[in-house]
Amino acid sequence: KILKSVNMAFEFYQDTFWQDREIRFDTPLDDLDLVKGESQIDSINSVEDTKGNNGEKGALSCTNLRIIWISHKNAKINLSIGYDSILNTSIRMANSRLRGNSEALFVMAKYGG
């Protein structure tokens, strides 16, 4: 009976809390709201996504669970990367439409498991 309760609680957690484990692209803005227990650590404005939305400036927020990037021009263009999905980070040169060649933070993450 205890094992069944633990399994039910685990399934509830898996279905309810995804913020620290998943990568989500262009998610509804409600999904980007901070959840209970999540707190914003820092944020930076005018951060360019040089991979998927080259030339697009946005706001980058770091919480205790994930990194969130939201386009300034269109908030429907966004990205949430849970820390548990991050495999590696590095600073490398990138070709920016706004700044030409510049240093950029590269985040390598696993998608879907």
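This text walks through the side-chain contacts of a predicted model. Local features need pLDDT of at least 70, side-chain atom pairs count only at pLDDT 80 or more, and totals for chains, interfaces and linings use all residues. Numbering starts from 1 along each chain as its sequence is written, and side-chain values use heavy atoms, with hydrogens and water left out.

Start with the charges. The whole structure holds four salt bridges. The term means a side-chain nitrogen of Lys or Arg within 4 Å of a carboxyl oxygen of Asp or Glu. One of them joins R66 to E38, at 2.8 Å from N to O. R66 lies in strand 4 (residues 66-71), while E38 sits in the loop between strand 1 (23-25) and strand 2 (40-49), so the pair ties together parts that are 28 residues apart in sequence. Strands here are DSSP runs of E, at least two residues, numbered from the N terminus.

Is R66 buried or exposed? R66 is buried, at 0% relative accessibility. E38 is buried too, at 8%. Buried means under 20% relative accessible area, exposed means over 50%, and partly exposed lies in between (1.4 Å probe, protein chains only).

Now move to E22 and R24. Their side chains form a salt bridge at 2.9 Å, N to O. E22 is partly exposed, with a relative accessible area of 29%. R24 is also partly exposed, at 24%. A network of salt bridges links E22, R24 and D31.

R24 has another contact. Its charged end sits over the ring of W18, 3.8 Å from the ring centre. For this label, NZ of Lys or CZ of Arg must be within 6 Å of the ring centre and within 35 degrees of the ring normal. R92 lies over the face of F106, at 3.9 Å from the ring centre.

D20 and R21 also meet in a salt bridge, at 3.7 Å from N to O. R21 is partly exposed, at 23% relative accessibility.

Turn to the rings. The structure holds one aromatic pair. F25 and Y111 form this pair, which is tilted: 5.8 Å centre to centre, with 55° between the planes. Rings of Phe, Tyr and Trp (its six-membered ring) pair if their centres lie within 6.5 Å; planes under 30 degrees apart count as stacked, over 60 as edge-to-face, and the rest as tilted. Why does the pair tie together parts that are 86 residues apart in sequence? F25 lies in strand 1 and Y111 in the segment after strand 7 (100-109). F25 is exposed, at 52%. Y111 is exposed as well, at 61%.

Conventions. Helix = DSSP H or I, 4+ residues; strand = E, 2+ residues; numbered from the N terminus.
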